[in-house]
Amino acid sequence: MDLLGFIIILVKVLVVFAATMLTVLVMIYLERRVSAFMQGRLGPNRVGPQGLLQPIADGIKFMMKEDIVPAGADKPIFILAPAILLIPALMTFAVIPFGSDITLFGRQIPLQVADVNVGILYVLALTSIGVYGIVLAGWSSNSKYSLLGGLRSSAQLISYELAMGLAVVSIILLSGSLKLNDIVADQQGYLFSWNVFKQPLAFIIFLVAVYAETNRLPFDLSEAEQELVGGYHTEYSSIKFAMFFMAEYANMITAAALTVTLFFGGWDFPLVDESSLGILGTVLSVCSFILKMGFFLFLFIWVRWTFPRFRYDQLMKLGWKVMLPLALFNIFITAGYLTVRALV
Amino acid sequence: MIENYFPIFIVFIVAAGFTFVSLIMTHILGPRITNPVKLMPYESGVDPLAETRIRFSIRFFIIALLFIIFDIEIIFLYPWAVVFKDFLSFGSFIFFEMVIFLAILVFGYVYVWRNGALDWE
Amino acid sequence: MGVVHGQEMVLNIGPQHPSTHGVLRLQVKTDGEIISEIKPFIGYLHRCFEKHCENVTYEQVIPFTDRCDYLASMANNFGYVVAMEELMEIKVPERVEYIRVIMAELQRIASHLLALGTFGLDVGAFTPFLYMFRDRERILDMFEMTCGARLLYNYMWVGGLSHDLPIGFVESAFRFLDYFEPKIEEYNNILTYNKIFIERTADVGVMPADVAISYGVSGPNLRGSGVKWDIRKDEPYSIYDRFDFDVPVGIGEKGNLGDCWDRFNVRLTEMGESIKILRQALTQIPKNGDVHQTIPKKIRPPKGSIYKRTETPRGDLGFYIISDGSPIPNRLKMRSPAFTALSVLDEIGRGWMLSDVIAILGSLDIVLGEIDR
């Protein structure tokens, strides 16, 4: 690898990281403003124009707060738990292609930080690591609410991971590759080549599982504040507390991006061949990706402020008794259809 | 091959750097005025009643065990799904192969369900 | 599979907890999720009101009744003055009676809005809570317009009222009713018939009618169990016998009779009935009349005692007053509906999950100010 290649990688990493962090801030702001709009309130509107600087003010405030470790807590784990949660959450976005290739300095640069041949497995693996952060945070806090929250949440995350994994299998059946680039390429062309039209059931399963995976309403049982106060982050203060939220929002961003990549053609703008348009095509593809992702991010907010919360056993029942068989059935149907089409 | 993972390594360094710098910063910047009451674990405003770290419900373990079993099975499905289309040119064997595999999986699933391991009470 | 029990965890819910509706402390035993015992500890908001009442004059008792059920102060004022007037055998002017009923019914809507909203919040629905607060705010505005206070009114006095209705009150009340009536449908859409909400509340915390009666549960909680009992109808006080309204009862529409959903729905339907009463009262109210019936400045009821109960938003509120002929009550005891509602919690909440217990507690609509007094 030469120097230019290294610089390009570095720039991509930093741009994607900055964009992720910025989106996290924007999401935190939007969550509050949109919810306020839905509920007939004003929301934060004092810090900066329209309250735009509110997330930054929050961040600074969190930074300046006292860093409390409760008595009886397992100190190293207590401090590391938010890091275990946040680092993978910030890393997942690396394999997601967010635009068509761009040609600069005589090189073709893919708009993706790392083109890994097991892209989808990488995403699933990293989201699983986050569970450790949650369960360790709950356990190390030495608080009953945290412990219950951590246990609930870990059981919930692993239950929904199964359905999510199985929903993804049916996509892989269609694309024949674990590479996210190939999955996007597979959906190029006209609108109905998007996977959402080929695999509507898988899409629904995946979407529901994503809400459970990101701990959002109606599946936010681990942090159900009316029952468990704050769930696994009850005892946390200062930036460690904020890290749980940053991780949540970073996971939401990844989840939205993954939904778009797997089911909505990634950066594909329907009926347009981006690669033939040069730099304009790249801009178009990035915009299309951001738009689609923005829609799913908005959906997260919308759902959160509309629905009540499930009860724990209902959540587990839905995951194990409804989603799992449905996902298995979907694989069976997809594989059967492909077999019949290939052989008849 | 392996150089594809190099950017991920850099991403890791950036993410971990950000995380740990914030942890250290908050440690330095924040005040530290502690007292025993502040350090007490939260239990809705009263002194903690009993031990927190106790044996908890077995169901969480059952869920964890089931997860491991099913997750491994799903991992087996991934390579199959990747080569599925290519192998179809050799006939429908690959399909029925997986039907048998899934049948065993479903058999185990039904067994677990019938035994009530999926019920929460 | 053999039953393997985890160790039981003793968990404190409250006094400083987001969903105990005040400073209630519940000590629950749980194995992680299932609750095997609920022990309510009360007294965190004990302000010795009944003892206070033995040391102040009869008219000075009214602010204390305000502060008992601070979400339904008008109804508490109403209960006390009705009891006092019966003890003293006073007849109050027509206009006063109408104004009292209007205030009490507005208060009922406001109180139910808060109860339903916080119940929604307890099961995780945040937005309906704020919608209901938005509408409750309008009622509070009207109270403010009438007597200057938004929460604790000290409005109904023995033999009369502190103020007459302000100019334009009747019109603004009609405007509110026209605005509010369609909102009930909105609440139904966003919460009552939401699938997840039904899942969470139907068949949960079932309170059979005999349990409810033997615990002395009253008000919407009792009616949620299918017992048609409303003091406004069955033992009419003031002028409630003049109005045409129904007493909604639970019918077990979404699950067993007497579940959380029934209690929720009874409150929601009751708001519609209150609107009916309000419309009639606002039309029939005499245009003029003195609201300060001439009674002696210092109230001296005759020797004797009275027990009078009225229907507050939370149920059957009784005042037992013993008078020894002096201007100060000899004994004043309140029978609080929220107290009985709380006492049934262990009976109907046992064996449910932690989240259900929170939902059941929310559905009982307790106010700690009234329990601890």
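What share of the contacts in chain A with a separation of 6 or more comes from residues 24 or more positions apart? The share is 77%. Keep that in mind as you look through the views of this predicted model.

**View 1. Chain A is built from helices and strands.** Here you can count 12 helices and 2 strands in chain A. Follow the chain from its N terminus and the elements come in the order α-α-α-β-β-α-α-α-α-α-α-α-α-α. The radius of gyration of chain A is 21 Å, close to the 20 Å that the globule rule gives for 344 residues, so chain A is as compact as a globular protein of that length. Along the principal axes, its C-alpha atoms fill a box of roughly 65 × 50 × 45 Å. Of the 344 residues in chain A, 59% are buried.

**View 2. Chain A meets chain C.** On this side, 24 residues of chain A are in contact with 27 residues of chain C. Look for α5 (144-175), α9 (225-228) and α12 (312-343) of chain A, as each supplies at least two residues of the side that touches chain C. What kinds of residues make up this side of chain A? They divide into 12 nonpolar, 5 polar and 7 charged.

**View 3. Helix α6 of chain C has buried residues.** Now zoom in on α6 of chain C, residues 169-192. Its buried residues are Ala173(C), Tyr187(C), Leu191(C) and Thr192(C). What covers them? The cover includes four helices of chain C: α4 (94-122), α5 (127-147), α7 (195-201) and α11 (260-284).

Technical notes. Residues are numbered from 1 along each chain as its sequence is written. Chains are lettered from A and ligands numbered from 1 in the order in which they are written. This is a predicted model: local features need pLDDT of at least 70, side-chain atom pairs count only at pLDDT 80 or more; totals for chains, interfaces and linings use all residues. Two residues are in contact if their C-beta atoms, placed from the backbone, lie within 7 Å. Ala, Val, Leu, Ile, Met, Phe, Trp, Tyr, Cys and Pro count as nonpolar, Asp, Glu, Lys and Arg as charged, and the others, Gly among them, as polar. The radius of gyration is taken over C-alpha atoms; the globule rule is 2.2 Å times the number of residues to the power 0.38. A residue is buried if 20 or more other C-beta atoms lie within 10 Å of its own, exposed if 12 or fewer, and partly exposed in between; C-beta atoms are placed from the backbone.
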